[in-house]
Amino acid sequence: MQLRPVQRAILTTILYSDIFSFPLTKDELWKFLISEKKISRSEFGSCLQNSSLLVHKEAFYCLKKRERIITQRKKNLPEVARKMKRAQRIAQILSRIPSVLFIGVSGGLAAGNVSKKDDIDFVVITKRNTLFATRFLLLIILQTMGVRRFRNQKEAADTICLNLLFDETAISWFENKQDIYIAREISQLFPLFERNNMYHKFLVANSWIKKFLPNTLDSKQHQLSHIKDSMLFSKIIINSFTELVFRFIQMRWMKRHQTNEIVTKHVLAFHPNDYRILTLAQLRLKMRQVGLLTKF
């Protein structure tokens with residue numbers, strides 16, 4: 001299939017979202033546009049308006065014969081709004097821990113693609129060398145609130161899953177896995193709270209994503225909440241000794257159940273199923289089916 005670069009970019013982006021049965025608005029399609037080079041907004045708009053490869057219905061774009069995913073997304077909108085409000089309330093409580101520098105929503109909720117049965121994924125950045133002590137406090141608070149997601153829990157609707165935590169020394173997210181999947185995960189991360197301008201630092205450290213998504217960092221920044229530090233709490237609870245103790249205990253426990261999870265002194269990534277590999281394989285297959293070549 002001979003397509004202009006802008007047509008190729010639009011189709012590739014729609015194919016990627018179709019893996020998750022998720023249609024995109026025009027603004028989302030622009031923000032997540034997969035392209036090696038910057039494309040002008042006017043050229044993008046003109047090509048999108050005249051595209052014969054896509055369906056435009058009720059402000060959403062998707063592949064032809066996939067219109068049902070538009071209906072499903074509209075049906076899920078109230079649930080997305082409800083879960084996001086819940087996430088914001090819980091993040092406000094967790095942010096009282098002074099060693100927490102950033103809290104964001106990842107996964108399906110960040111993308112706006114959830115149903116009632118889904119949990120809420122949190123990404124947390126902590127101060128240097130406080131990762132395990134902070135995680136312990138986070139889990140205690142979540143469990144006290146009755147919203148902690150436990151390992152192998154089957155009924156997990158509305159629970160909070162701390163599936164990715166790292167300290168400020170490791171904010172370049174998986175620098176050895178720079179591809180469209182990780183770029184998309186970073187770009188759709190929805191920030192809830194930051195301290196010490198950490199969200200900006202995180203974006204700067206991961207600016208490589210523009211190699212895949214040249215428009216993503218041009219979007220309007222979110223208005224984030226800020227909480228005043230409790231220095232006494234920090235000194236009493238979180239120090240080098242408590243971090244060492246909690247790291248030793250948690251690592252011993254995690255090693256007993258570890259599969260594909262990443263467990264280091266600075267990064268904890270609890271993804272027993274590697275959706276990255278599966279998603280990239282599905283994208284390659286879809287692109288071959290429509291006659292496109294891929295480097296991803």
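1. Basis of the note. The model is predicted: local features require pLDDT of at least 70, side-chain atom pairs count only at pLDDT 80 or more, and totals for chains, interfaces and linings use all residues. Residues are numbered from 1 along each chain as its sequence is written, and side-chain values use heavy atoms, with hydrogens and water left out.

2. Overall make-up. The chain has 11 helices and 8 strands; these are DSSP runs numbered from the N terminus, helices being H or I of at least four residues and strands E of at least two. Of its 296 residues, 50% count as buried (under 20% relative accessible area; exposed is over 50%, partly exposed in between, with a 1.4 Å probe and protein chains only). Among contacts (heavy atoms within 4.5 Å) with a separation of 6 or more, 74% join residues 24 or more positions apart.

3. An open sheet of 6 strands has the order 6-3-4-5-8-7, with mixed pairing; two strands pair if DSSP finds at least two bridges between them. Strand 6 (190-194) and strand 7 (262-263) are at the edges, each with a single partner strand, so one side of each has no neighbour in the sheet. Strand 3 (residues 100-106) pairs antiparallel with strand 6 over 4 bridges, and Phe102 stands opposite Glu194 in strand 6.

4. Packing on the sheet. Helix 6 packs against the sheet, touching strand 3, strand 4 (120-126), strand 5 (160-167) and strand 8 (267-269), and its direction makes about 165 degrees with that of strand 5. Helix 8 (residues 198-205) also packs on the sheet, touching strands 3, 4, 5 and 6, at about 130 degrees to the direction of strand 6. Axes are lines fitted to C-alpha atoms, for helices over the stretch in contact, and angles run from 0 to 180 degrees between N-to-C directions.

5. Strand 4. Why is strand 4 described as largely enclosed by the rest of the structure? The reason is that 7 of its 7 residues are buried. Ile120, Phe122, Val124 and Thr126 point one way, while Asp121, Val123 and Ile125 point the other. Strand 4 is joined to strand 3 by 6 bridges in the antiparallel sense, with Ile103 opposite Val124. It is joined to strand 5 by 7 bridges in the parallel sense, and there Val123 has Leu164 as its bridge partner.

6. Helix 6. The 15 residues of helix 6 (residues 131-145) should span 21 Å at 1.5 Å a residue, and the end C-alpha atoms are 21 Å apart, in agreement; the expected span is 1.5 Å times one less than the number of residues. Its buried residues include Leu131, Phe132, Arg135 and Leu142. Just after the helix, Gly146 takes a positive phi of about 75 degrees.

7. Aromatic pairs. There are 7 aromatic pairs (ring centres of Phe, Tyr and the six-membered ring of Trp within 6.5 Å; planes under 30 degrees apart are stacked, over 60 edge-to-face, the rest tilted). Phe102 and Tyr199 are stacked, 5.6 Å centre to centre with 5 degrees between the planes. This pair links strand 3 to helix 8 across 97 residues. Phe102 is buried at 1% relative accessibility, and Tyr199 is buried at 8%. Ring pairs link Phe102, Phe166, Tyr199 and Phe202 into a cluster.
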